[in-house]
Amino acid sequence: LYFLDDQGGVHATTRAIPRTLAVGSAALQELLWGIDPSSLAGFTTALPTPEEVLNRNPHNPAWGPRVTLRSLIIDNGVATADFSEEINAYGGGSARVEGIYQQVISTLKQFTAVTDVKITVEGQSAAVLQP
């Protein structure tokens, strides 16, 4: 998993994931759960936390309690990660958007089957994660 340091740099961290054929999806699921404060002091995440989702103003009443991975499809080396609309709780800002992209891309590109990454939200790719 890749998290951010206080300078905005992306750094690899390790987390045990149960054996699965869907290791990319499992890695993204773990990334969405966020940082384990007991072992990753000094790191942060650009992905919206459950607190940010629930406290977003204005809050979308249709949102669930956190960002979820709807699907991950890898086709000819291109990984398309589709997230729930709760990812929009990031609140804007180009640095925040860049951090989200870097965390997701770095987490997926560690796998040899992935050469490129696309991020979609609720199946849409146009105008997603805008600063």
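Two strands count as paired if DSSP finds at least two bridges between them. Keep in mind that this is a predicted model.

**Exercise 1. Work out how the strands of the open sheet are arranged.**

Solution. 
- Step 1: Start with β3 and β4. Six bridges link them, and their pairing is antiparallel. One example is Ser71, whose bridge partner in β4 is Asp82.
- Step 2: Look at the hairpin that β3 and β4 form. Two residues lie between the strands, and Asn76 has a positive phi near 50°.
- Step 3: Move on to β4 (residues 78-83) and β5. These run parallel and are joined by six bridges; Ala81, for instance, has Ile119 as its bridge partner in β5.
- Step 4: The three strands form an open sheet in the order β3-β4-β5, and the pairing is mixed. Its edge strands are β3 (69-75) and β5 (116-121), each of which pairs on one side only. On average, neighbouring strands of this sheet are turned by 15° against each other, direction ignored.

**Exercise 2. Find which strands helix α1 and helix α3 lie across.**

Solution. 
- Step 1: Take helix α1 (residues 23-33). This helix lies across β3 and β4, at about 145° to β3.
- Step 2: Take helix α3 (residues 94-109). This one lies across β3, β4 and β5, at about 130° to β5.

**Exercise 3. Check the length of α3 and see what covers its buried residues.**

Solution. 
- Step 1: The 16 residues of α3 should then span 22 Å, and the end C-alpha atoms are 22 Å apart, so the two agree.
- Step 2: Pick out the buried residues of α3, which include Val97, Ile100, Val104 and Leu108.
- Step 3: Look at what lies against them. The cover includes β1 (2-4), β2 (10-12), α1, β3, β4 and β5.

**Exercise 4. Is Glu122 buried, partly exposed or exposed, and what does this residue touch?**

Solution. 
- Step 1: Locate Glu122 in the segment after β5.
- Step 2: Its relative accessibility is 34%, so Glu122 counts as partly exposed.
- Step 3: Leaving out residues up to four places away in sequence, Glu122 touches Arg70, Asp82, Phe83, Ser84 and Glu85.
- Step 4: Compare sequence with space. Glu122 and Glu86 are 36 residues apart in sequence, and their C-alpha atoms are 9.6 Å apart.

**Exercise 5. Search for aromatic pairs, then see what lies over the face of Trp33.**

Solution. 
- Step 1: Searching the whole structure gives zero aromatic pairs.
- Step 2: Over the face of Trp33 lies Arg66, at 3.8 Å from the ring centre.

Conventions: Residues are numbered from 1 along each chain as its sequence is written. This is a predicted model: local features need pLDDT of at least 70, side-chain atom pairs count only at pLDDT 80 or more; totals for chains, interfaces and linings use all residues. Side-chain values use heavy atoms; hydrogens and water are left out. Helices (H or I, at least four residues) and strands (E, at least two) are DSSP runs, numbered from the N terminus. Axes are lines fitted to C-alpha atoms, for helices over the stretch in contact, and angles run from 0 to 180 degrees between N-to-C directions. Contact means heavy atoms within 4.5 Å. Rings of Phe, Tyr and Trp (its six-membered ring) pair if their centres lie within 6.5 Å; planes under 30 degrees apart count as stacked, over 60 as edge-to-face and the rest as tilted. A charge sits over a ring if NZ of Lys or CZ of Arg is within 6 Å of the ring centre and within 35 degrees of the ring normal. The expected span of a helix is 1.5 Å times one less than its number of residues. Buried means under 20% relative accessible area, exposed over 50%, partly exposed in between (1.4 Å probe, protein chains only).
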